[in-house]
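Hi everyone, thanks for coming.

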Amino acid sequence: MGEPGPPGAEAPPPWRRGSLALLTDLYQFTMAYGYWRSGRHREAAAFELFFRRCPFQGAFALSAGLAECLAFLRAFRFSPADIEYLESVFPATTEKAFFDYLRTVDASEVSVSAAPEGSVVFARVPVLQVKGPLLVIQLLETTLLCLVNYASLVATNAARFRLIAGPDKKLMEMGLRRAQGPDGGLSASKYTYVGGFDFTSNVLAGKLYGIPVRGTVAHSYILSFTSLAEVNPRTLIPRHGKEPVDFLSLVETWLSRVCQLLQAPLETVNRGELAAFVSYAITFPQNFQGLLDTFCVMKSGIPNFCAVALALNELGYRVIGVRLDSGDLAKQSVEIRRVFRTCSKHFQVPWFEAVPIAVSNDVSEENLWELSQEGNEIDMIGVGTHLVTCTLQPSLGCVYKLVEVNGSPRLKVTEDKEKTTLPGIKRVYRLWDAGGFPCMDLMTLEKEPPPRAGQEVDFWLVGPTQEAGKVTPSAVEMLNRVYLKDGQVCQPLPSLVEIKDHAQASLNKLNPAHKRLKDAETYKVAVTEKLHRLLLDLQRGSQ
């Protein structure tokens, strides 16, 4: 979901205009009618939204989508056209008074608690806690899941790419053309930025969200030129001058010098590629980046780029880099850096040895890992398909489960033990160890006293073993905060940059054992003795 554009912007598609109250599954409305018919629609209830397993076989996830959930809730209501449509799909025997009631429904009695957006979160711990009238918060289920599931998944995927790449390499999201539709593309750009990417190629995402955008040329631009005769104009005004210079002739002079230095035959240099480089450099003298692999990188792309770059330098300009989109990226980056250092020393241009090298080419988590293990000279990596489509896991699998009605805890008991829920309204505390790392998320019942730093706590692990133990935390943090109270946002909402910074700070605080992308150590999630006893009592009562 993207925020609405400014006045005068193109009209959004129908599914993004106004309220999204109908963006849900039909059975939410059939259940709502059942609640209403039985007179239970006003009963106070609570749901929790959580995931059962951490994504990508890892040990953590990043929470994302909270701001969009709050925006949805503030706008939640049914238009006359919505009611008319619902009447058309319900059985003719449905009481008209039900639709009259739906006309009055909004989120003015709904409250939501959550961890700050961008926080590291773990399996079975509530990402959202929703309270309100039973009918209303039942209707919210599908939309909240839709807003949280993909946002959190793709932010986590981006965080994994960032962990592999390390803190110094720049990462650019460039997956719009491979995304699952326009909204998927916008969401991917927004939440991969939260997860640690620096740039996007998506211009609309840049406009809507303030994400830095990057992009230069594709192979089609290079291939559109066949000879130097197509360069028009040929001249360029020096950065600190007024009189135009015949830039094409200057480049040809530099090409001879570069080929002589590199011992590259002039006849192997593609003139159409050179024409494309020259034309683009004249158009963008302060933002020139060369795409090197349309033809042979070392015999054509590199000599042509160096000639144009050194000619620009003579006129007072600096290029912004080169890009590779095929071949052995690590090996080629080392060879290219060697050439840059050679030219820098020979032609006495100190900055030239550090010209940034960017790569793309269907980069996945696996081959990014391989790149990181090899020696390379790469400065920026563009990632598309494997980032935005989350090919290793297409869904986070969040669920939204009823935990209390009218003050009475609710428990889902099933033969599949993994699907057993934890009853009651809860508080969530993050416990920290003496090393300064979070070591456990502890869930308590809402009215239990909180755990305290330096005091021993009895716990039962959540999971198949339900192992008991004791822990003495060095510090205790209440994780979930109230963000919506009776339909009104009651916490200052951070900017996207602040959410991104919080995500990176949260990841930096996580123990490296829990950040490993393979064979990560499972983070401990537990309940208190009182909550554990409630769970056992309800399980026995259901038998």
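Let's start with a charged pair: how do the side chains of Arg 40 and Glu 43 meet? They meet in a salt bridge, at 3.1 Å from N to O. By salt bridge I mean a side-chain nitrogen of Lys or Arg within 4 Å of a carboxyl oxygen of Asp or Glu. In general, side chains of opposite charge can pair when their charged atoms come close.

Quick housekeeping before I go on. This is a predicted model, where local features need pLDDT of at least 70 and side-chain atom pairs count only at pLDDT 80 or more, while totals for chains, interfaces and linings use all residues. Residues are numbered from 1 along each chain as its sequence is written, and side-chain values use heavy atoms, with hydrogens and water left out.

Back to our pair. Arg 40 is partly exposed, at 29% relative accessibility, and Glu 43 is buried, at 18%. For those words, buried is under 20% relative accessible area, exposed is over 50%, and partly exposed is in between, using a 1.4 Å probe and protein chains only.

How many salt bridges does the structure hold? It holds 19. One of them joins Glu 68 and Lys 190, at 2.8 Å from N to O. That pair links distant parts of the chain, 122 residues apart: Glu 68 is in helix H2 (residues 66–74) and Lys 190 is in helix H7 (residues 181–195). Helices here are DSSP runs of H or I with at least four residues, strands are runs of E with at least two, and they're numbered from the N terminus. Both partners are buried, Glu 68 at 9% and Lys 190 at 5%.

Now for a pair within one helix. Arg 533 forms a salt bridge with Glu 529, with the closest N and O atoms 3.3 Å apart. These two are about one helical turn apart, because they sit 4 residues from each other in helix H18 (residues 529–541). Arg 533 is partly exposed at 44%, and so is Glu 529 at 34%. There's also a network of salt bridges, linking Arg 337, Arg 341, Glu 377 and Asp 379.

And then there's Lys 515, in helix H17 (residues 512–515).

On to the strands. Strand S13 (residues 380–383) is covered on both faces: Met 380 and Gly 382 are buried on one side, Ile 381 and Val 383 on the other. Strand S6 (residues 170–173) pairs with S13 in the parallel sense over 4 bridges, where pairing takes at least two DSSP bridges between the strands. Lys 170 stands opposite Met 380. Strand S12 (residues 357–359) also runs parallel to S13, joined by 2 bridges, and Val 359 has Ile 381 as its bridge partner.

Last stop, the nonpolar cores, meaning sets of buried Ala, Val, Leu, Ile, Met, Phe, Trp, Tyr and Cys residues joined through side-chain atoms within 4.5 Å. The largest has 91 residues, and Phe 76, Leu 102, Leu 135 and Leu 140 touch the most other members. Helix H6 (residues 141–165) gives this core its largest share, 9 residues. Apart from it lies another core of 72 residues, including Leu 228 and Val 269.
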